[in-house]
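Hi,

Here is the structure I promised to pass on.

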Amino acid sequence: MALSTKPLSGMRQRFPEQFRVEKFVTDMLSGSSVSAGFQEYDGPVIEPLALFAAKSGGELVGRQSYSFTDRGEREVILRPEMTPSLARMIASSGELQLPVRWFSMPLCYRYERPQRGRVREFLQFNLDILGSSSLASELEVILVLNGIMKSFKAPSSIYRIGWSSRRFMTEALLRCGVKQELHSGVFSAIDKKDKMKEEAWSDYLLQSCGGDKKVAGTVVSLVSVESPSDTWLVDLMAESPALREVQEFDMLLEKTGISSAVFSPGVVRGLDYYTGIVFELMDTGRENRRSLCGGGRYDNLVGLFGAGRISGVGFGLGVLTLTLFLESYGLVPDSVRQAAPADVYIAIASSSVIATAGLLAESLRNSGIRVMMDVSGKKLGKQFSEASRNRITQVITVGVEQAETGIYKMKYLPDGKVTAGSVEELIRILK
RNA sequence: GUGGGAGUAGUUCAGUUGGCAGAGCCCCUGAUUGUGGUUCAGGUGGUCGCCGGUUCGAGCCCGGUCUCCCACCCCA
């Protein structure tokens, strides 16, 4: 029985062309992070189950996790996300100078049924600031997020950063007359607003509000608010510090010119540990309906480890979902997909000069030129085909005569022009 | 976990009422034995996902099963 040629369902296996695209995306993410003074970190792929059981959310751990008992009878899990590990790292290093600004590109795992934009093993870019409760942190991470989108040349018309606040919404729901115990149901109803037909949604919301029509009506008004200075909202939230925070943040976004950021009371986010401002990045088109990125403020995560209370704010961004987004808008340059693996191909006319070719390759490589030497041993014509197939533009042919004289012929494939010269001369031309 | 679609050459797919297993691209050889692309001539490549049933005969019909894709749930 032959082994299967397929990897396990949802596990990634990337061939060079796909890898180049992914690398293009991750390099860009790292670049934007570094340019804002963030430093890279990483944590373990396997974690104790309890780390996520506490705060990540029931479904994520219960139904969508790769968890098992290891040989030491420990309940462990392949990390479904990064933030709890980050919180532990912060909690365990007493010497850290706060605030810290860190980013990571972890592989994460979720046992879900694969489909477009969702697999079981995925890269999730994470960027966080810990140890500052100032709204400047929220602003900073959203500036980086917006900068990321700009670095990919995504026009602000094709994406939207919707934001809200858990603290604000909790208080607003209370003032709307929604009892505390109904909040999580109402939140998930709010979350589904754009996915359901209007009437069906109204019924669903009414149900989640305990059947109280007046309350449900108020919640509808709340969700349709488009600005934190909306007069109806200001009236509802009179004297509320949570509203003041939301207004202040709205002003910060406006003054920094992040036009793609929109106050959206309907943004709730799934993870249980968010406490303050929450936000997500959505494609405004129809092709990628999942959010590309979700984040927010978490006040109580580091405290779980018995360290002092350290507040954090950050986001996770799916590299795969972002890549699909970029591809569907044609934002992955052809030069990335069609990149040549080398600048020069060394064709070998006779097996007696392999060593000479090897030395030539080394000299060129030492000058920073990317050189691929023939290893096929096929006839010269095939070697040229190989170079051409690889989009390599320069081919140097090494034969007996060249090995003796040290003068090589180099052909530039796009126009077929041949030049001859010593190693030094060729290097000068190539640079 | 729920629902829909699809499995035929390396790949993308066609395959009529059940009657010899096909095409484009890729790959290989030659034209061109020290020079690629374009062109021309030729060629390799198949457990028709798997198991069973019906039939003189199954890629096609029936039953089962596996896998992949898509949507829902949830989420990056």
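Below are some conventions, then the RNA surface, then one glycine.

This is a predicted model, in which local features need pLDDT of at least 70 and side-chain atom pairs count only at pLDDT 80 or more, while totals for chains, interfaces and linings use all residues. Residues are numbered from 1 along each chain as its sequence is written, chains are lettered from A and ligands numbered from 1 in the order in which they are written, and side-chain values use heavy atoms, with hydrogens and water left out.

RNA strand B has 45 residues around it, of which Arg110, Arg118, Arg269, Ser291 and Leu413 come nearest; a residue counts as near if one of its heavy atoms lies within 4 Å.

For Gln402, a side-chain N or O atom is 3.2 Å from a base nitrogen.

And the glycine? Gly406 sits in the loop between helix H16 (400-405) and strand E16 (408-412). Gly406 is partly exposed at 23% relative accessible area, because that class runs between buried (under 20%) and exposed (over 50%), with a 1.4 Å probe and protein chains only. Its C-alpha is 5.9 Å from that of Ser422, 16 residues away in sequence.

Best wishes

Key: Helix = DSSP H or I, 4+ residues; strand = E, 2+ residues; numbered from the N terminus. Polar contact = N/O pair within 3.5 Å; in protein donor to acceptor, adjacent residues only side chain to side chain.
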